[in-house]
Amino acid sequence: MKIFTSISEMQKQGLFLKAMREKTGFVPTMGFLHEGHLSLIKQAKKECSSVVVSIFVNPTQFSPDEDLESYPRNMQKDKKMLRYLDVDYLFLPSAEKIYKEPFLTSVSVTGITEVGEGVSRPTHFKGVTTVVTKLLNIIQPNILYLGQKDIQQAVIIDKMTKDLNIPVKVEICDTLREKDGLAMSSRNVYLTEDQRKSATALIRALRKAESLVNTGKKDTKIIEREMKKELDKYPDIRPDYILFADKYAFQPVKKITNETVIAIAGFAGKVRLIDNIIVKP
Ligand code: AMP
């Protein structure tokens with residue numbers, strides 16, 4: 001595995017791979033890798049001739065009161081996992097290099113960034129879309145692999161690449177879960193034993209919603225009420241939002257008439273948890 005810390009060297013390699021007509025898959029991450037990340041990388045290895053993974057804890061997508069400083073990191077373990085998966089290139093830029101002063105440009109998507117996570121984290125998506133644009137320009141991949149775990153992020157990035165004619169295909173991969181259903185996340189490491197047990201509240205509420213949809217319920221208010229009852233069983237969990245959004249338009253819906261994302265967020269202590277499922281009427 002070749003490791004690049006230099007932006008220009010990584011970009012040179014990306015352009016070279018493109019000129020050689022390699023099919024390059026790219027998996028951006030913030031590190032502290034788990035099976036969820038690895039599933040995206042395995043998918044990329046299956047479909048592409050070259051795979052690039054980046055590890056970059058992007059400061060601009062954290063607000064000042066969030067966990068940038070305490071975000072979990074273990075570079076040695078991450079590198080070992082990536083070597084084991086036979087990843088071709090690892091890109092490890094520093095924040096100083098990515099945001100070389102004076103840094104004056106940003107990329108922002110409107111509308112679909114203003115619901116769900118965007119309400120709770122108003123500056124988050126601008127940080128994400130700006131850094132992903134930069135990473136795509138540096139790496140020049142054919143396919144970008146993103147997780148359904150962060151469905152709103154994936155939909156926003158897909159829209160951005162289309163709006164800005166960035167020549168990359170976005171592939172959204174399934175959410176990997178622990179045995180009890182909890183969506184894998186780097187932040188799960190910070191859950192206490194009790195919080196870890198309560199953290200399944202999110203997937204339990206989502207599964208409740210799914211079973212209601214499967215029995216023909218369409219009214220999102222009714223479904224939301226039942227989801228909240230499920231969440232109430234877990235006093236350790238402080239719910240943030242429940243969003244029903246059309247999968248493509250990513251705008252709130254009152255009735256489930258098309259493919260609908262049900263997204264949920266909450267806190268276990270200071271740990272922010274998110275999860276979602278996609279349902280069909
Ligand atoms: P992160 O390191 O949290 O920024 O995540 C990097 C990529 O991995 C994003 O595209 C995430 O959506 C994806 N990802 C995170 N958790 C999971 C999971 N449990 N299953 C599948 N993909 C995931």
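**Close-up 1. Phe 4 and its partner ring, Tyr 89.** Phe 4 is buried, at 5% relative accessibility. Buried means under 20% relative accessible area, with a 1.4 Å probe and protein chains only. Tyr 89 is buried too, at 13%. This is a predicted model: local features need pLDDT of at least 70, side-chain atom pairs count only at pLDDT 80 or more, and totals for chains, interfaces and linings use all residues. Residues are numbered from 1 along each chain as its sequence is written, and side-chain values use heavy atoms, leaving out hydrogens and water.

**Close-up 2. Aromatic pairs in the structure.** There are four of them. Rings of Phe, Tyr and Trp (its six-membered ring) pair if their centres lie within 6.5 Å; planes under 30 degrees apart are stacked, over 60 edge-to-face, and the rest tilted. Phe 4 and Tyr 89 are tilted, 6.1 Å centre to centre with 35° between the planes. Phe 4 sits in strand β1 (residues 2-4) and Tyr 89 in strand β4 (residues 89-91), so the pair ties together parts 85 residues apart in sequence. Strands are DSSP runs (E, at least two residues), numbered from the N terminus. The planes of Phe 62 and Tyr 71 meet at 80°, with centres 5.9 Å apart, so this pair is edge-to-face.

Close-up 3. For Asp 150, a polar side-chain atom lies 2.6 Å from an oxygen of the ligand.

Notes:
Polar contact = N/O pair within 3.5 Å; in protein donor to acceptor, adjacent residues only side chain to side chain. Helix = DSSP H or I, 4+ residues; strand = E, 2+ residues; numbered from the N terminus. Buried < 20%, exposed > 50% of the residue type's maximum accessible area, 1.4 Å probe, protein only.
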